[in-house]
Every structure is written in structure tokens, then in C-alpha cells.
Amino acid sequence: MNQIRYAVAAIVKSLVILSLSISLVVLTGQWSYRLFTTVYDVATPMGLSNTQLFVNIDHLMHYLISPFQATLSFANFSSSAGGLQHFVEVKRLMQWNFMLSIIGIVYLIWSLRTKRTKRIAYYAQQWLKLTAYFPLILLFFIVIAFDKLFVLFHQLFFRNDLWLFNPNTDPIINVLPQSLFMMYFVLAIIVYEVIVWLYRKSIK
């Protein structure tokens, strides 16, 4: 019975850490986007300088992150009503994830301050160690079949096809290629593994 309790606790912590990892990747998204453009030139084909491109991306990220930014428009890109509605839905998902992350941080700190026997700490660490393997499996599928994973992700989290942007009406999609999201997925997994490792080291 205790093993079931440890397993459930490890799964809950794993979900919290996953949420926190996603939040950290989103909050640093505009800087990792700049890193992405050092490898992929997405500005020149659109007739933009990197400075112009970053103004648009920074505005998009600020809109998605800030709960006080209610409207979205781009300096250099037109947008359709459907495209803007998709960003509204993305923003809603991110806001929920931020709230979960804040609650999760409190929970993780509380769980670290809970006194344990050496035996309980050992089992807690072992179960948490198992949860570190699942994102590595996901990483394998990202490498071999990211196209299908990308579609599955949108089908799971969105109830419509608005994420299928038309480049003619929503040219912003030309500077948000699928390879960019692949990078964000990989970054989230790396951050997840680091946090799990740090948390396991902190369990006493």
C-alpha cells in the first residue's frame, strides 16, 4: 500500500515539474527564439531584418505570458480572425499552466520540508527516478516522428483546426516553423530532467 502511495506522489510531482518546465521554457521563449534564428534564417525570406522580426515575436510572447495584455496585433504581419482566436486559446492554456506551476512550486517546497525516515526517502527517490525516464521516451518519439507528435499535441489540446494557419492570411506562421516547436519541446524535457535531478538530490 505504501508503494502505491509513493508511486502516486511521484506521478503528481512529475506532473508539477513538467508544468514548471513548460512555464520556464515559455517565460524564456523570446530569448530561445533568438538562439533559434542563429541557425535558421526566417527573417530574410519575409523581407524583414532580425530586429523587425524580434519586435513581432516579443509582442507575441508578451501577449501570451501577460494576463493583462488583452489584444494582439503584429507590426509586420496581417492576421485573420481564426489565427487570432488560436492565439487566444494558446494564451488560455499558458495561463492555466502558470497557475499550476505556482501551486506546484508551493507543493514541492512543502514536500521537501516534510520529515522522512531514510527508508521513505529512499523509496521516494526511486519512484521519482522512474518518472525521469518517461520524457526520455517522449524525446525518442520527438526525434523519429515529430510531425505526428505535433499533430497529436494539437488534437489533444485544441477543439478546432484553427492551428492550421494559412500563410496567406496569417503570415506569422512563416516565422514559427515546426522546427522551432521541436526545439521548445526538447528544451522542456531538458529542464524537466534537471529539476527532477535537483529535487531528488534535495530529498532527505
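Mentor: Let's start with α5, where Gln 125, Leu 128, Lys 129 and Thr 131 meet Tyr 192, Val 196, Tyr 199 and Arg 200 of α7 (contact means heavy atoms within 4.5 Å). Sorted by class, that contact has four nonpolar, two polar and two charged residues (Ala, Val, Leu, Ile, Met, Phe, Trp, Tyr, Cys and Pro count as nonpolar, Asp, Glu, Lys and Arg as charged, and the others, Gly among them, as polar). Keep in mind that this is a predicted model, where local features need pLDDT of at least 70 and side-chain atom pairs pLDDT 80 or more, while totals for chains, interfaces and linings use all residues. Numbering starts from 1 along each chain as its sequence is written, and side-chain values use heavy atoms, with hydrogens and water left out.

Now the geometry: the axes of α5 and α7 come within 10 Å and cross at roughly 175° (axes are lines fitted to C-alpha atoms, for helices over the stretch in contact, and angles run from 0 to 180 degrees between N-to-C directions). The two helices are therefore roughly antiparallel (under 35 degrees is roughly parallel, over 145 roughly antiparallel, 65 to 115 roughly perpendicular, the rest oblique).

On to the other partner: α5 covers residues 118–131 and α6 covers 133–157, and they pack at about 10° with axes 4 Å apart. So this pair is roughly parallel. Lys 129, Leu 130 and Thr 131 of α5 meet Tyr 133, Phe 134 and Pro 135 of α6. That contact splits into four nonpolar residues, one polar and one charged.

Of its 45 lining residues, Ile 22, Phe 153, Phe 157, Phe 181 and Phe 185 lie nearest the centre. The lining is made of 38 nonpolar and seven polar residues, with no charged ones.

Elsewhere, the structure holds one salt bridge (a side-chain nitrogen of Lys or Arg within 4 Å of a carboxyl oxygen of Asp or Glu). Arg 34 and Asp 58 form it, at 2.9 Å from N to O. Arg 34 sits in α2 and Asp 58 in α3, so the pair ties together parts 24 residues apart in sequence.

Stepping back, the chain has seven helices and zero strands (DSSP runs numbered from the N terminus: H or I, at least four residues, for helices; E, at least two, for strands).

Terms used:
1 Å grid on protein atoms, 1.4 Å probe; cavity = no way out; pocket = protein on both sides within 12 Å on 5 of 7 lines; lining within 4 Å.
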